[in-house]
Amino acid sequence: MWELQLHPESASKIASSVDSLFLFLLVVSAFFTVLIVTLVIVFAIKYRRRPERKSVQIRGDLRLEILWTVIPLILSMVMFGWGAKLYMIQARAPADAEEVYVVGKQWMWKIQHLNGPREINELHVPVGRPVRLIMTSEDVIHDFYVPAFRTKMDVLPDTYTSMWFQATKTGRYHLFCAEYCGTGHSTMIGHVIVMEPHEYEDWLSGGVSGQSLAEAGEKLFTRLACHTCHGGKPTDRGPPLTGLVGSTVRLTGGRTVKANETYIRESILEPKKKVVEGYEPIMPTYKGQLSEEDLIKIIAYLKTKTKPEGKR
Amino acid sequence: MHTQTDGSALATNVAPQFDDAEQQARSAVLGMWVFLITEVLLIGTLFATFAVYRYRYAHEFEEASLELDVVLGTINTFVLLTSSFTVALGVYAAKHGKQKAIVANLVITLALGVVFLCVKGIEYYAKFHHHLVPGPEYHFPGTASPVGHQTELFFTFYFLMTGIHALHVIVGMAVLAWVLKLALARRFSPEYHTPVEVGGLYWHFVDIVWIWLFPILYLINRH
Amino acid sequence: MTTITTAEGDAARDLPAVVVDPDENYLNTSYTVKSWLLTHDHKRVAILYLLGITLFFFLGGAAAVLMRLELLTPQADLTSHETYNKLFTLHGVIMVFFFIIPAVPGVLGNFLLPIMLGARDVAFPRLNLLGWYLFMIGGCFAIAAMVAGGVDTGWTFYTPYSTTYSNTHVIATALGAFISGFASVLTGLNFLVTTHRMRAPGMKWFRMPLFVWSMYGTAIIMVLGTPVISITILLLAAERVLGLGIFDPARGGDPVLFQHLFWFYSHPAVYIMILPAMGIISELLAAFSRKRIFGYGFVAFSSLSIAFLGFLVWGHHMFVSSQSVYAGLIFSLLSFFVAIPSAIKVFNWTATLYKGSISYDAPMLYALGFIGLFLIGGLTGVFLSTLGIDVHVHDTYFVVAHFHYIAVGGTVMAFLGGLHYWWPKITGRLYPEVWARVAALTVYLGFNLTFFPQFILGYMGMPRRYHVYPPEFQVLHVLSTAGASILGAGYLIPMVYFIWSLWYGKKAGPNPWNAKGLEWQTKSPPITRNFEETPIVTEEAYAYAD
């Protein structure tokens with residue numbers, strides 16, 4: 001109990017880089033802290049008031065001012081650059097990252113893997129493979145935080161945010177909600193469980209009967225009769241959806257948008273907000289008929305509808 | 001106290017913290033300018049928030065804007081512009097000791113302020129009548145979108161911005177009424193007319209805010 | 001020596017003859033309640049503010065005590081989740097809006113600014129008094145909300161929790177902050193006009209004490225920033241009452257827009273909190289080293305730079321909010337820039353000690369302690385500006401430790417130092433020096449024990465605003481609570497002896513510290529109009545002789 005740990009386990013690819021950067025800042029800060037505090041103490045003692053010695057009035061020194069402006073500026077820019085580099089890595093998930101959907105709500109995490117398993121407050125992932133979380137909230141703003149991975153991202157209602165990581169060590173790590181969300185905020189916690197790849201495959205398939213997210217999405221797509229307008233024929237009332245996800249869409253009026261998860265969700269819930277060029281604004285809204293999980297299933301299904309040539 | 005050549009009384013009561021009348025006058029003017037800068041930030045925040053939604057819900061905002069009465073809005077713009085002119089005339093009159101002109105111009109300015117508020121009242125009543133006041137009774141007649149709350153957002157900003165503006169018009173009128181009271185007691189002279197200057201400054205600001213408000217609320221979709 | 005002679009203005013104004021009663025001062029001219037509640041005297045307004053902020057400090061502090069007691073154990077013992085959430089909200093709201101923002105400007109700024117400039121009062125004394133009333137009324141709203149059941153949104157009121165989901169007294173609390181915001185604006189307005197228009201003859205801009213420069217920078221922020229939070233609160237209240245959809249995504253609003261609007265004020269607000277404290281430190285270091293401040297011009301301009309740059313960095317509170325990465329990059333870069341002027345101050349302060357003649361009176365102990373604690377607080381701010389690191393420590397105890405190092409290790413220490421330094425001037429009494437040094441050391445040690453472990457807690461991953469926590473964090477929490485009890489004791493000691501000194505403290509002469517500055521040319525306590533004759537300033541600030 002008295003063993004003092006100063007940082008959590010480093011269990012992701014970026015964690016050690018974050019720790020190194022932190023150490024750099026720590027060393028620089030410690031240097032300046034020790035320097036200033038030592039000078040203050042030394043001066044306070046050496047120049048303590050004595051009747052035989054008067055203070056010396058010194059106006060200033062331009063060279064010193066320049067020195068202690070420029071050096072901190074240079075150090076700052078190094079810190080900025082290094083931190084920005086890590087940030088840009090954290091902002092862009094690799095293209096082959098495995099996608100997992102997360103729905104946060106007061107006060108629990110609901111996690112859906114593409115291939116079926118649903119988890120509550122636990123996230124199983126394989127070691128050594130990038131994982132991208134696509135997250136939304138059912139109510140207020142939450143934040144998905146895994147200290148061992150040194151990464152977090154706010155989880156917002158009515159839109160998707162995402163974050164990615166690549167676990168480097170098997171184990172069981174804390175998962176915290178890190179954006180105050182009401183009464184149960186400090187109980188909205190769980191674990192991320194990192195497994196060896198073969199164990200992960202076993203876990204994915206074992207004990208879970210049923211369909212993948214995409215299969216469930218296809219069932220919904222049919223049940224809600226989406227295909228009657230989005231059948232893929234040029235004469236259909238709605239635009240074709242094959243190869244949609246990730247493409248750039250032209251809207252009425254000439255504006256273009258990227259067809260990401262948020263766009264798909266919005267088009268289902270508020271179809272008149274962004275109408276595709278050449279089509280009428282006649283799609284009905286499905287607000288109230290679909291839960292966040294349902295929306296995720298449909299999105300997962302649409303992601304499998306790639307063009308026959310494999311091009312998006 | 002001694003009498004000025006134009007017959008007005010010297011009313012230079014210098015408050016104890018000031019060294020002389022000039023310091024007092026310059027402090028009052030600077031104080032009003034600083035206050036107006038805070039008002040710019042106040043209204044600027046509303047403008048910025050409005051701009052975000054104006055861009056995001058461009059279509060609904062344009063449709064909602066068409067429900068505003070551009071004729072009444074234009075009338076009000078001319079009313080306020082004229083009132084700014086008359087209050088400036090009033091300041092000029094005060095600088096030149098023209099007692100009657102100060103009073104006349106202040107009265108006209110106040111009257112125009114009343115006109116502005118009446119026209120505003122007519123507009124607001126019409127909105128209320130047409131169920132365009134945000135809240136449980138809101139109902140937008142157009143076919144903009146079934147998700148009508150974006151037009152309600154436009155009207156939220158409309159009422160907030162013009163409402164806060166109208167509040168400032170009322171305060172401005174109260175200030176100018178007090179200045180008028182002083183003018184009627186012949187308290188102003190070329191040496192002392194700070195309240196007219198400062199009240200005029202405030203009134204100009206109220207006018208300028210309307211000049212910004214009018215196009216962004218009323219004119220965003222007129223052809 | 002500053003020569004005090006009659007300025008021509010005095011004769012022209014027919015000021016009453018110099019006070020006949022040599023014992024009369026601003027405190028004893030009248031003892032009636034009415035003379036206090038309707039005062040025009042900036043010095044009495046300062047005392048009124050002192051009473052108000054002390055009340056709020058102990059209220060906010062009580063909430064902190066309860067929180068730290070609860071956090072001794074990983075599970076919930078003292079309170080329910082709801083109550084704990086209300087406690088940290090109360091702590092934040094009271095401390096931010098009703099203690100730390102008004103304290104130095106309202107108390108020391110009000111008392112000293114006119115005197116340091118050689119003026120008889122601020123430009124608009126009645127507005128000054130109005131400001132105090134608005135501050136107290138706002139505080140009453142906040143207390144009423146607390147008594148009626150409290151609010152649990154956190155002092156940051158993030159939407160849509162605060163607009164749609166919280167069942168607590170959000171509007172009453174927000175209204176309290178809204179009303180007291182006007183006090184901020186009026187104070188800032190008064191300080192700006194007073195500094196521009198009412199400097200005594202010979203008091204050129206670059207002869208002003210650095211405390212005035214820092215108050216000037218603070219006033220700029222108060223005047224420009226406060227209206228933005230006023231509108232934001234108004235919009236929040238409107239949404240909550242009318243269900244409008246400005247910030248609630250379920251109705252088409254944008255919750256991140258709230259964060260932008262909120263932080264556009266609340267970041268500059270932290271410079272309202274620290275700039276006045278930095279001004280105090282300049283005064284204390286000069287007085288107790290008997291030296292002019294090294295690099296006066298640089299220190300003066302750094303106050304203005306901080307005021308300006310402070311408006312450009314608000315997005316660093318939102319790196320993981322879903323704002324674009326490009327916004328993140330820009331805000332990070334600018335946040336490094338805003339740190340530089342603060343660093344310049346620290347270096348110049350340290351250089352001031354060189355070849356000084358340093359005494360260890362209590363105010364100086366607070367000032368020396370400030371340098372180290374502000375340095376740590378400021379440097380950890382640099383950690384938070386660094387994007388890769390902030391992603392990890394955002395919304396953890398690392399942030400809590402950072403801002404407490406600045407607000408408590410910085411501002412409160414400086415405020416206490418200034419209160420001790422100017423106590424003889426304000427009250428005409430000396431405080432007991434030995435007890436003061438004991439208190440200063442107690443505060444310093446207690447503070448570090450309370451908040452340093454929180455840096456570690458934060459990097460370990462302990463999130464903020466957590467009522468219960470995993471057991472491995474307990475040791476650090478126990479250390480922190482132990483520190484908090486020492487810190488609390490350290491704050492109670494001055495309360496006791498300051499009050500004691502009012503009746504039993506040794507009477508002070510006009511300049512017990514033998515310091516430079518116009519305030520030390522007046523009686524202790526000063527007469528109502530500060531100076532018997534308007535001073536004419538002929539020398540620079542801190543014109544100590546070699």
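Guide: Two residues are in contact if their C-beta atoms, placed from the backbone, lie within 7 Å. Keep in mind that this is a predicted model.

Visitor: How do you know that chain C is in contact with chain A?

Guide: With the cut-off at 7 Å between C-beta atoms, 73 residues of chain C pair up with 74 residues of chain A. So by that definition the chains are in contact.

Visitor: Which element gives the largest share of the side of chain C that touches chain A?

Guide: That's α11(C), with 15 residues. Other elements giving two or more residues there include α4 (81–117), α9 (255–289) and α15 (433–460) of chain C.

Visitor: What makes residues on that side of chain C nonpolar, polar or charged?

Guide: Residue type alone: Asp, Glu, Lys and Arg count as charged, for instance, and Gly goes with the polar ones. Sorted like that, the side touching chain A has 45 nonpolar, 20 polar and eight charged residues.

Visitor: How do you know that domain 1 of chain A touches domain 2 of chain A?

Guide: The contact cut-off again: C-beta atoms within 7 Å. Here 10 residues of domain 1 meet nine of domain 2, so the two domains of chain A are in contact. On the domain 1 side, β1 (98–105) and β5 (130–137) of chain A each supply at least two residues. The C-alpha centres of the two domains lie 32 Å apart.

Visitor: And chain B, what makes a residue there buried?

Guide: It needs 20 or more other C-beta atoms within 10 Å of its own. Of the 223 residues of chain B, 41% count as buried. The chain has six helices and zero strands.

Definitions and conventions: Residues are numbered from 1 along each chain as its sequence is written. Chains are lettered from A and ligands numbered from 1 in the order in which they are written. This is a predicted model: local features need pLDDT of at least 70, side-chain atom pairs count only at pLDDT 80 or more; totals for chains, interfaces and linings use all residues. Helices (H or I, at least four residues) and strands (E, at least two) are DSSP runs, numbered from the N terminus. Domain bounds come from an automatic or database domain assignment. A residue is buried if 20 or more other C-beta atoms lie within 10 Å of its own, exposed if 12 or fewer, and partly exposed in between; C-beta atoms are placed from the backbone.
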